[in-house]
Amino acid sequence: MELPTPLLSQTVEGAVDFKGRPVLRFCSGGWRSASFMIGVEVAERFAYYGIGSNLITYLTGPLGQSVATAAETVNIWSGISMLLTLLGAFLADSFFGRYRTILFSSAIYVLGLSLLSFSAMLPTTSSQNSQFQLLLFFVSLYLIGIGQGGHKPCVQAFGADQFDALHPQEAKSKSSFFNWWFFGICAGTFVAILLVTYTEENLSWSLGFGIPCIMMIIASFLFLFGTNTYRYSIKIYAQTPFLRIGRVFVSAIRNCRASSTVIFDEEGDGPDLSQQNAGQFRFLNKACIVPKDSDKHGVMCSASEVEEAKAVLRIFPVWITVLVFAIVFAQDSTFFTKQGATIDRSIRSGFIIPAAALDSFVPLSIVIFITIYDLLFVPIARAFTGLQSGITTLQRIGTGLVVSAFSMLVAAMVERKRLRVADEHGLVDRPDIIIPMSFWWLVPQYTLFGLAEVFTLVGLQEFFYDQVPTDLKSMGLAFYTSVLGMGSILSSLLVSFIDEVTGGSDQNSWFSNNLNKAHLDYFYFLLSGLSVVAFVAFLFVSKSHVHSR
């Protein structure tokens, strides 16, 4: 028997280098290449949250929007930006590849940030100038959304591609990668919220928008610097994954009335679908049927293609049941910030913390909890379960859903405390006066937010990446971000509906511009109740979920 040469045994199956040559394990990929991806994402999240975390203050301040309208604007922009990741992932998985998509989207990102900084420099001395500034502001804002749509799913998927799932040690590192990836982006977010929000509110909005632009330029050069160390995945099929999966559905529908006794697997490596009496989405098995009155090689799909289609369908029930969590996720950058603006944010030296900077408690708590999770919790859980990740991704997601529901309950109770203090000091009709209540009261809800994200968001990233077919890894992470995007849009619609219903007949809306007359506590109680219902639905879905092979 001929033994493999040492060089051949060190190549990584299914990957090539930048020039299309077989890639060697010891000089490519792994943590070295993944570290470039984490660094790039730290800078990108710095840019994104440097803009988004204080956007509601800019809208209600210089642009003069109401609280409810500004919250809707932020949620719609955030939602569309996240949903655009589906388009970015589609282009990456079908046409350009992850590397090129990251480069193209980075250029659009930098253009949007540059125009946003320029729009804040324009004088508003006339109505015409004001209209042009507003138009330029929204154009640049959505250019940032387009850039983020291509950048977000591809960078993380490209980072995970640097680990070989068939290699025991790299497979273990791949599970940790998602934890430390989230650690990195939260560290970047934490610095952005503190530095950029202070600059925006105390120095200049234009400078505050310009700093994220500089960070995004640095991220682009950092990404290019690691080009020669990356592993580039080889496409398994010549046909795009979307056409293959679409062909399965078309064939299954076309053969819906055909007899299932004759099934042909052209690859010979799939299950005997004619004998399957169990399993999810069995109607798709008919895509492998060759009707008796048709040519054997006419309309048919392989068993592996059917399994790809089933894998995509299996993730949608989970996607739907975490939408309420995504609605909750949208609150810390909108109503939490407006709450913080009404209370005492001074510290001992007399320094006043910007309201948006309070959001930094979320990434700070994530940095702390994710370190504890990966270094302490996972090894202990692994000893009991035998799983490399300690617990399953679905268990991790479900735990975060429970914490999320509790965070909304705490937020509602703190808001009631704030309203009571305002009433006791006769400040209900004085929204311009700071309520004598320390900002530390808001810290528990921010901290619980961070803990919920450590479990649910990281769990969703790993779940969607692992459960989609190999050629759809970018799309898998786009499914994760699209959850957050749809949650932001649903949050906007919910706020709009409640504002319309509760603000009629000269009554104070739940989201009144005077938050001392508003009822954010009712809104938070509602979200807490919806979170409990969503968790019950998630339990039902997770018990019936069949993991893709």
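## A parallel strand pair

Strand β4 (residues 343-344) pairs with β5 in the parallel sense, over two bridges. Strands pair here if DSSP finds at least two bridges between them. Helices (H or I, at least four residues) and strands (E, at least two) are DSSP runs, numbered from the N terminus.

Strand β5 covers residues 435-438. I435 and M437 form its covered face, while P436 and S438 form the uncovered one. In a regular strand, side chains alternate between the two faces of the sheet.

## Basis of the model

This is a predicted model: local features need pLDDT of at least 70, side-chain atom pairs count only at pLDDT 80 or more, and totals for chains, interfaces and linings use all residues. Residues are numbered from 1 along each chain as its sequence is written, and side-chain values use heavy atoms, leaving out hydrogens and water.

## Overall make-up

The protein chain has 16 helices and five strands. Of its 549 residues, 55% count as buried. Buried means under 20% relative accessible area, exposed means over 50%, and partly exposed lies in between (1.4 Å probe, protein chains only).

Contact means heavy atoms within 4.5 Å. Take the contacts in the protein chain between residues at least 6 apart in sequence: 81% of them join residues at least 24 apart.

## The antiparallel sheet

Three strands form an open sheet in the order β2-β1-β3, with antiparallel pairing. The edge strands are β2 (22-24) and β3 (232-233), and each pairs on one side only.

Strand β1 (residues 11-16) meets β2 over two antiparallel bridges. V16 has P22 of β2 as its bridge partner, and T11 stands opposite L24 in β2. Five residues separate β1 and β2 in a hairpin. In its turn, G20 has a positive phi of about 85°. Strands β1 and β3 also run antiparallel and are joined by two bridges. Here A15 is partnered by S233 of β3.

H167 is found in the loop between α5 (127-160) and α6. Its relative accessible area is 27%, so H167 is partly exposed. H167 and V12 are 155 residues apart in sequence, yet their C-alpha atoms are 9.1 Å apart in space.

## The nonpolar core

A nonpolar core is a set of buried Ala, Val, Leu, Ile, Met, Phe, Trp, Tyr and Cys residues joined through side-chain atoms within 4.5 Å. The largest one has 138 residues. F182, F335, F464, F511, F523 and Y524 have the most contacts inside it. Helix α4 (residues 67-121) gives the largest share of this core, 15 residues. In soluble globular proteins, nonpolar side chains tend to be buried together.

Y524 touches F335, F336, Q339, M408, A411, A412 and E415, not counting residues up to four places away in sequence. One of these, Q339, lies in helix α11 (residues 335-340). Q339 is buried because its relative accessible area is 0%. With residues up to four places away left out, Q339 touches E415, R418, L442, Q445, L515, L520 and Y524.

## A helix pair

The axes of helix α6 (residues 168-202) and helix α7 (residues 205-225) come within 6 Å and cross at roughly 155°. Helices α6 and α7 are therefore roughly antiparallel to each other. V196, T199 and E200 of α6 make the contact with W205, L207, G208, F209, I211 and P212 of α7.

Axes are lines fitted to C-alpha atoms, for helices over the stretch in contact, and angles run from 0 to 180 degrees between N-to-C directions. Angles under 35 degrees count as roughly parallel, over 145 as roughly antiparallel, 65 to 115 as roughly perpendicular and the rest as oblique.

## Two buried residues

T321 is found in helix α9 (residues 303-321). Its relative accessibility is 9%, so T321 counts as buried. The side chain of T321 reaches the backbone oxygen of V318 at 3.0 Å. Apart from neighbours within four places in sequence, T321 is in contact with A534, A537, F538 and V541.

P469 lies in the loop between α14 (443-467) and α15 (473-502). P469 counts as buried because its relative accessibility is 9%. Leaving aside neighbours within four places in sequence, P469 is in contact with E308, A311 and V312. P469 and V312 are 157 residues apart along the chain, with their C-alpha atoms separated by 7.7 Å.

Key
A polar contact is a pair of N or O atoms within 3.5 Å; within protein, one must be able to donate a hydrogen and the other to accept it, and residues adjacent in sequence count only if both atoms are side-chain atoms.
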